[in-house]
Amino acid sequence: MQSVELDISVTADDAILWRDDVLYLLDQRRLPQEERFIRCQDAADTAEAIRAMVVRGAPAIGITAAYGVALAVRQRYAEAPEHWRGRVAQDMQLLARARPTAVNLFWALERCRRELETVAGGDPFPPMLVLAQRLHEQDRAMNRRMGEFGASLIEGPTAVITHCNAGGLATGGHGTALGVIRSAFAQGRITEVFADETRPWLQGARLTAWELVRDGIPVQLMADGAACARMGAGGIGWIIVGSDRIAANGDVANKIGTFSLAVAARHHGVKFMVAAPTSTIDPDTASGADIPIEHRAAEEILNCAGCPVAAAGAGAWNPVFDVTPAQLVDAIVTEKGVILAPDAAKIAHHLSG
Ligand code: MRU
């Protein structure tokens, strides 16, 4: 993976760029200090960028994987115009292994697989690039619709809490949870945002704060453990988060710490909203117990920003997502509308509509 600086004024909606027939990913590991891009020329680069969290956030991972398939198709067709399909299938397996929890990755790869089946002969690269660009554009449009649906639930004016980063950086643009926050702030329904810093990767401190400050939306960071006390202090109307996978019964996988926010929200009578496109709902996963939860290296906990913080010899438990039971969710908001008090029947009805 090659790191480069691009001659553009970077916004959160530029995290995934197709330029001069190459994929550029804003290196989110370096934000907010540096705005550099990683250049991906093939599926291996793209899979490594997803694994290493150059790009992260469920919808962004899916869109990136679709561009990765386009890169794979171009490379393998040039190498062997008669036998490219087998090699592309291997590249798609590599992409699928990059991260396990965000179902948008597998959803996007399935869309690519179906598109590849329709390619009869000739160069398969143009239709696969068109598909990746269409998924990218559709995600932006869905987030704008989701923003309006989510905002309509917030009576306000109120402060809200968000966790991790579910903004433009985590999507094709605008964001899911931050999309709702942007729309609601523009309508005067949200006064300020309390953002969990989100240990260990600090997506809240590094990414959510970066986005909100640039938008002029007041943001106060908190240590993750402060959220419960903040709810107790009053003035918080909603918790608004994104998701990596929503099971068929409405259980929600999201960044580690989301479950404890939901428990604390119910205790304090604060409402809990999950904003996610329907591509995040996985009808093949019956309940949260069936969602594969990614565990990452102990070093992520034992260090902070590259500096050791733990006593030498300590181990670490590092699941990076948890599952919030559907009973604790007041609303799931998708591009199609709102599911209040979600359960299996409502989710199935929403998907079929
Ligand atoms: O580990 P990450 O940074 O990829 O985790 C991201 C999240 O948990 C987000 O909340 C989720 O993907 C929704 S992004 C719109």
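Cys164 sits in the loop between β5 and α6 (177-186); helices here are DSSP runs of H or I with at least four residues, strands are E runs of at least two, and both are numbered from the N terminus. Though not a glycine, Cys164 has a positive phi of about 65 degrees. This is a predicted model, where local features need pLDDT of at least 70, side-chain atom pairs count only at pLDDT 80 or more, and totals for chains, interfaces and linings use all residues. Residues are numbered from 1 along each chain as its sequence is written, and side-chain values use heavy atoms, with hydrogens and water left out.

There are cis peptide bonds to look at, too. One joins Gly156 and Pro157, with omega about -5 degrees, and Pro157 lies in the loop between α5 (125-153) and β5 (158-162). Another runs from Leu31 to Pro32, with omega near 0 degrees; Pro32 belongs to the loop between β3 (22-26) and β4 (37-40).

## Around the ligand

Domain 1 (2-141) and domain 2 (145-352) both give residues to the shell around the ligand, so the ligand lies between them; the domain bounds come from an automatic or database domain assignment. α2 (58-79) and β10 (252-255) each supply at least two shell residues.

Now for the close-up. A polar side-chain atom of Arg56 is 2.8 Å from a ligand oxygen, and Arg99 likewise has a polar side-chain atom 2.8 Å from an oxygen atom of the ligand. For Gln203, a side-chain N or O atom lies 2.9 Å from a ligand oxygen.

Conventions: A polar contact is a pair of N or O atoms within 3.5 Å; within protein, one must be able to donate a hydrogen and the other to accept it, and residues adjacent in sequence count only if both atoms are side-chain atoms.
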